Amino acid sequence: MLTPGQSRRNALYHTLDGVSFFMGLTLFNRATVIPAFINELTGSNLVIGLVPCVYWIGFALPLFISAKKFEGLAYKKRTLLKLAAFQRVAWLALFAWLFFAWKTPLTLVVLFLVLIVVSVNTGLM
């Protein structure tokens with residue numbers, strides 16, 4: 001049984017997680033914001049067209065590879081929480097990169113790396 005202090009702490013953590021997750025989804029929407037941002041950086045239609053391709057490959061491919069492994073896990077919650085934390089850290093890293101160094105040549109690479117991490121983690125969850 002949880003104590004009242006543990007319940008309040010859990011509620012706070014879940015609220016912060018939900019806020020950060022939906023803020024990441026809203027601020028870095030792969031259908032509108034990321035293509036517009038890439039257009040601002042490069043203007044290349046090919047690079048803009050890679051966004052949905054990278055996302056869906058990153059989402060679907062891990063499903064085939066990891067389904068059997070996850071099926072055999074006795075406790076799935078711990079793995080799910082680790083994946084979710086890694087996804088949130090990736091969003092935070094992208095936000096920090098854009099805040100401090102968004103006009104550097106590596107911004108496009110960082111953007112696609114975070115997109116790959118997020119899509120793979122979404123596929124695994």
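**Exercise 1. How many residues does the largest nonpolar core have, and which of them have the most contacts inside it?**

Solution. The model is predicted, so local features need pLDDT of at least 70 and side-chain atom pairs count only at pLDDT 80 or more, while totals for chains, interfaces and linings use all residues. Residues are numbered from 1 along each chain as its sequence is written, and side-chain values use heavy atoms, with hydrogens and water left out.

Step 1. A nonpolar core is a set of buried Ala, Val, Leu, Ile, Met, Phe, Trp, Tyr and Cys residues joined through side-chain atoms within 4.5 Å. Buried means under 20% relative accessible area, exposed over 50%, and partly exposed in between, with a 1.4 Å probe and protein chains only.

Step 2. The largest such core has 19 residues, and those with the most contacts inside it are Ile34, Ile38, Leu94, Leu111, Phe112 and Val114.

Step 3. At least two core residues come from each of helices H2 (33-41), H3 (45-71), H4 (77-101) and H5 (107-124). H5 supplies the largest share, seven residues. Helices are DSSP runs (H or I, at least four residues), numbered from the N terminus.

Step 4. Beyond its neighbours within four places in sequence, Leu111 is in contact with Ile34, Phe37, Ile38 and Leu94; contact means heavy atoms within 4.5 Å.

**Exercise 2. Identify the salt bridge and locate its two residues.**

Solution. Step 1. A salt bridge is a side-chain nitrogen of Lys or Arg within 4 Å of a carboxyl oxygen of Asp or Glu. By this rule the count is one.

Step 2. Arg88 forms the salt bridge with Asp17, and their closest N and O atoms are 2.9 Å apart. The pair links distant parts of the chain, with Arg88 in helix H4 and Asp17 in helix H1, 71 residues apart.

Step 3. Side chains of opposite charge can pair when their charged atoms come close.

Step 4. Arg88 is buried, at a relative accessible area of 18%, whereas Asp17 is partly exposed, at 31%.

**Exercise 3. Is Asn121 buried or exposed, and with which residues is Asn121 in contact, leaving aside its neighbours within four places in sequence?**

Solution. Step 1. Asn121 lies in helix H5.

Step 2. Its relative accessibility is 3%, so Asn121 counts as buried.

Step 3. With neighbours within four places in sequence left aside, Asn121 is in contact with Leu83, Phe86 and Gln87.
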